[in-house]
Amino acid sequence: MVFSIASEFIENESENVSKQDCELKAFDRLAKKIKKIFKRLPICILGDSLYACETVFNLCRAHKWKYICRFKEGRIKSISTEFKAIKELEQSKDQNSLVWVNDIAYKDRTVNLMEATMKTEDGKSKEYVFITDIKITKKNVERLIAAGRSRWKIENQGFNEQKNNRYNIEHANSQNYTAMKNHYLLVQITDIIRQLFEKGSSILKALKKTAKEKSSNLLESFRTRILTDEDFTHLSKPIQVRFT
């Protein structure tokens, strides 16, 4: 299940903004919010290549978080060049075409890179490279690659599901920016409840109901139930309280 919590909006509602907002600025605000709410929770940030930058590295180090980000050639040229040179010399790979290099120097830190060659749905080979501050070993490299690739669940099971399949959030529902944000947050709450209802119930899994039937059942469960005389009789019974 993929839950959207503590959403942070990119604030460009005005054409006359003095400073253009962006994902990285929003991530800075989001990181402060998450750290305040979950002070001691161990967190690992999964991000696309945009987040493979010093801003994110510094935030993760300050908050004692880990990170695994997609890394594309040209994002940080010095790291990319050294990774290519070292892997050609060492060729640290196993039978599954996994390549990794630890302790690549970058400014006042070291970073670790791993590369996996995998088959796509159409049968073609594609290389995936990730950058992380977690030490890579033969024992954990496959788990780290799998963790890095699980970021696509956010796009597919999370945002894409909300955008194209269930909630149509790409369509403007209001010209008021605050109303649009409130609508989006309500969609997130709805999506969390729906996932818990559909995937968290062993009874529903056994019944194998369709998505439409599950949604109808969920809606029915929220309808106001008419109280009967029996309910009022039960509520009117005196409550005994003993103090010791």
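Begin by selecting Y106, which is buried in this predicted model, with a relative accessible area of 10%. Because a residue counts as buried when its relative accessible area is under 20%, Y106 falls into that class.

Next, turn to the aromatic pairs, of which the structure holds five. One of them joins F9 and Y184, an edge-to-face pair with 5.8 Å from centre to centre and 75 degrees between the planes. F9 is found in the segment before helix 1 (23-37), while Y184 belongs to helix 6 (residues 177-199), so this pair ties together parts that lie 175 residues apart in sequence. F9 is itself buried, with a relative accessible area of 19%.

Now go back to the rings of F57 and Y106, whose centres are 6.3 Å apart and whose planes stand at 90 degrees, so that this pair, too, is edge-to-face. Since F57 lies in helix 2 (residues 54-63) and Y106 in strand 3 (residues 98-106), the pair ties together parts that are 49 residues apart in sequence.

Finish with two places where an arginine meets a ring. Select R149 and Y128 to see R149 lying over the face of Y128, at 4.9 Å from the ring centre. Then select R151 and W152, where the charged end of R151 sits over the ring of W152, 5.0 Å from its centre.

Methods. Residues numbered from 1 in each chain as written. Predicted model: local features only at pLDDT ≥ 70, side-chain atom pairs only at ≥ 80, totals over all residues. Heavy atoms only, no water. Phe/Tyr/Trp six-rings, centres within 6.5 Å; stacked < 30°, edge-to-face > 60°. Helix = DSSP H or I, 4+ residues; strand = E, 2+ residues; numbered from the N terminus. Buried < 20%, exposed > 50% of the residue type's maximum accessible area, 1.4 Å probe, protein only. Lys NZ or Arg CZ within 6 Å of the ring centre and 35° of its normal.
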